[in-house]
Amino acid sequence: MSEMLSGAAILCRALVDAGVEVIFGYPGGAIMPFYHALPDHPRLRHILVRHEQAAAHAADGYARASGRVGVCVATSGPGATNLVTGLAAAYMDSSPVVAITGQVSRPMIGRDAFQETDIVGITLPITKQNYLVEDVTDLADIVAEAMAIAVDGRPGPVLIDVPKDVQNQKIEWRGAQASGAASHRDPRAGARGQSLTPGASPGSLEDGVRAAARLIAGAERPLLMVGHGVILSEAYAEVRTLAEKTGIPVITTLLGISAFPDGHPLHLGMPGMHGEVHVNRAIQNADVIVGIGLRFDDRVTGNTASFAPQARIVHIDLDRAEIGKNVPVAVGIVGDARDITRRLVAAVEPRRCERWVEHIRGFVRTRTESYRGDLSPEAILASIYEASHGDCTIVTDVGQHQMWVAKLYPYQRPNTHITSGGLGAMGFAVPAAMGVHLARPAGTVWAISGDGGFQMNMAEMATMVQEGLPVKMAVFNNGYLGMVRQWQQFFHEKRYSCTPIWSPDYVKLAEAYSIPGYRVKEASELADVVGRANAEPGPALVEFLIEQEANVYPMIPPGGSLSEPIEAEPAAAAGD
Amino acid sequence: MSGVSAPPPHSAHTVAVLLDDALVTLNRAFGVLRRRNVPIEGLALHPSGTAGVSRLTFVLKADPLTADRVAQQLHKMIGVRSVMVLANDDSSTEAKR
Ligand SMILES: Cc1ncc(C[n+]2csc(CCOP(=O)(O)OP(=O)(O)O)c2C)c(N)n1
């Protein structure tokens with residue numbers, strides 16, 4: 001049986017066929033045929049955001065929490081360009097997102113038509129792949145291929161630009177397979193380029209694992225550094241077994257947090273610019289570092305010339321282009337973190353590293369900061385942990401609060417920490433948390449933002465109310481763009497240029513959105529207020545009036561060495 | 001300038017890429033070069049003999065590490081089928097998958 005279907009209907013069917021259940025989007029002229037067809041496909045739940053950036057971040061949050069593709073939709077021109085930040089964030093953090101944009105009709109393309117932008121061109125460097133659909137008969141295959149590419153190998157965003165006349169075009173539809181699939185559009189044609197085949201050849205993969213095991217056996221001061229790849233490949237049990245079999249202490253990067261239980265005796269914490277002193281000193285003293293699923297980002301390494309000067313590095317990554325990109329490696333193994341770690345577990349001899357762990361313990365510094373009303377980041381985060389019985393997903397924004405959460409929140413469950421790491425996009429937390437809720441409807445999700453980042457996407461509270469998304473929002477209000485203010489304090493003679501930031505009355509704001517709003521000034525109020533917010537059936541907003549000029553310590557100055565942290569306000573700044 | 005090690009010598013590398021004959025794929029490939037601002041000396045695009053596949057050949061001036069990174073970056077692109085780097089001393093390496 002064949003039937004006549006429009007491109008828009010085919011698009012919807014292809015999404016349903018790919019298993020899509022949720023779409024975050026915003027309509028407009030060039031995508032109207034799609035929106036016209038959408039109600040005929042009730043399996044596709046559409047979430048109407050308040051800004052397309054939020055649609056992309058929400059799709060990203062959904063993808064990270066579910067491991068499935070997050071889908072966002074926008075119209076041409078401004079709708080499409082509004083997606084860009086969200087796609088860049090997804091690209092930098094290897095998150096599988098498919099963006100569908102409307103485009104002006106084919107005869108208008110290239111004529112600077114109303115709301116025409118070259119979104120394929122604009123997003124080339126921030127997508128794994130993108131398409132301008134020129135023939136409606138290709139549409140279903142392109143959608144299927146895009147969905148596959150987004151999750152294949154190292155995940156990432158894919159964009160599909162669909163001209164309005166292609167959406168309106170009707171063709172005889174005999175199902176996806178029957179349509180004229182261009183043969184070179186086999187999803188695996190793309191996947192071939194993705195270093196999917198582990199190792200250069202099977203032999204060298206085994207060689208790599210053996211070499212890594214030998215390095216581990218001979219090491220006196222070994223470390224495991226685990227990143228986002230461990231979460232993407234769900235290698236939690238394997239990494240834990242490797243650590244426990246060898247006694248090697250574990251460092252989790254910003255995006256690797258929650259890949260290893262925080263309270264585990266072998267867990268050291270986060271490295272890098274705001275890593276604890278003992279973590280960075282462990283790196284600087286290590287003789288072997290086994291890095292799994294991370295890219296040795298500059299925020300992790302500081303100045304690479306002085307990074308881990310004594311260490312021979314084993315680098316395990318799915319993306320071959322990462323190996324040796326940022327730091328020289330002794331052994332590089334290309335492959336899935338879970339698969340390779342499992343092989344490594346089998347190849348290593350049981351051992352202990354007690355003296356080394358003891359040595360690292362000697363580096364630990366006790367924190368001495370004090371906070372107004374005892375409202376320390378620790379106290380706030382402890383109250384969220386307790387109110388949610390340690391069972392919620394935390395989504396953070398970008399800035400000081402993000403670093404406090406990364407360092408202080410006692411993550412126990414895998415993949416319960418979600419943040420914009422690579423791009424560091426302020427405004428991420430609130431919309432991404434909406435996506436997390438839809439991926440984990442039974443769980444609680446807290447979006448933790450600063451007063452700056454919250455104001456970037458706070459309009460999404462309306463989305464939460466309209467769509468029934470019970471996101472709990474925490475605003476760490478310090479009256480400043482805190483992280484930038486900290487840099488100004490340390491490196492710019494305390495010249496607080498354009499960093500004091502005014503906020504509305506958040507309690508009244510919440511009320512205006514018909515959301516319960518709370519303000520916390522003292523630590524003594526925490527348990528009660530956070531408990532109530534957490535128990536709300538719908539969204540809730542809690543503002544924490546925190547110390548205005550608190551800093552995140554320690555700090556490696558940008559481009560500095562991990563060996564030289566700033567542990568207190570620099571003397572020059574402290575004097576005036 | 002004492003203490004600063006001399007940058008590795010730049011030499012010519014011929015890079016041969018087999019890729020889908022789609023403009024978007026070509027554009028993406030050039031994006032890799034543009035982003036790193038690698039100087040290009042020669043450039044040619046020809047049919048490869050296989051339908052739907054083009055052969056892109058260019059000469060870039062770079063140190064061997066940069067040339068290798070460019071090759072790796074190209075190699076992982078969707079639509080790129082193979083990448084060969086030929087150094088000016090005639091040794092060749094194939095970007096491994
Ligand atoms: C979209 C965007 N713009 C600017 C920045 C630069 N930036 C990084 S942290 C920061 C300050 C964040 O302030 P706030 O949201 O109040 O959080 P806090 O640091 O105070 O916790 C800024 C402006 C950014 N990361 N993202």
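Modeller: The helices named below are DSSP runs of H or I with at least four residues, and they are numbered from the N terminus. Please keep in mind throughout that this is a predicted model.

The shell around the ligand has 17 residues, of which Gln400(A), His401(A), Gly424(A), Gly453(A) and Gly482(A) come nearest. By type, the shell divides into 7 nonpolar residues, 9 polar ones and 1 that is charged. Helix 18 (400–408), helix 20 (451–457) and helix 22 (482–491) of chain A each supply at least two residues to this shell, and helix 20 of chain A gives the most, with 4 residues.

A backbone N or O atom of Gln400(A) lies 2.8 Å from a ligand oxygen, while for His401(A) a polar side-chain atom lies 2.9 Å from an oxygen atom of the ligand. At Gly482(A), a polar backbone atom is 2.9 Å from an oxygen of the ligand. Taken on its own, the ligand has 590 Å² of accessible area, and the protein covers 76% of that.

The size of an interface is often given as the accessible area lost when the parts come together. For domain 2 and domain 3 of chain A, the area buried between them is about 1,400 Å², with 63% of it on carbon and sulfur atoms. On the domain 2 side, Leu254(A), Ser258(A) and His274(A) lose the most area to domain 3, and together they make up 39% of what that side buries.

Two details of the backbone complete the picture. Most residues other than glycine have a negative phi, and most peptide bonds are trans. Glu234(A), in the loop between helix 11 (228–232) and helix 12 (236–246) of chain A, has a positive phi, near 55°. A cis peptide bond, with omega of about -10°, joins Tyr553(A) and Pro554(A), and Pro554(A) is found in the loop between strand 20 (540–545) and helix 25 (571–575) of chain A.

How values were computed
Residues are numbered from 1 along each chain as its sequence is written. Chains are lettered from A and ligands numbered from 1 in the order in which they are written. This is a predicted model: local features need pLDDT of at least 70, side-chain atom pairs count only at pLDDT 80 or more; totals for chains, interfaces and linings use all residues. Side-chain values use heavy atoms; hydrogens and water are left out. A residue is near a molecule or strand if one of its heavy atoms lies within 4 Å of it. A polar contact is a pair of N or O atoms within 3.5 Å; within protein, one must be able to donate a hydrogen and the other to accept it, and residues adjacent in sequence count only if both atoms are side-chain atoms. Accessible areas come from the Shrake-Rupley method with a 1.4 Å probe; for residues, only the protein chains shown count as cover. Ala, Val, Leu, Ile, Met, Phe, Trp, Tyr, Cys and Pro count as nonpolar, Asp, Glu, Lys and Arg as charged, and the others, Gly among them, as polar. Buried area is the accessible area (1.4 Å probe) that two parts lose on being put together, summed over both.
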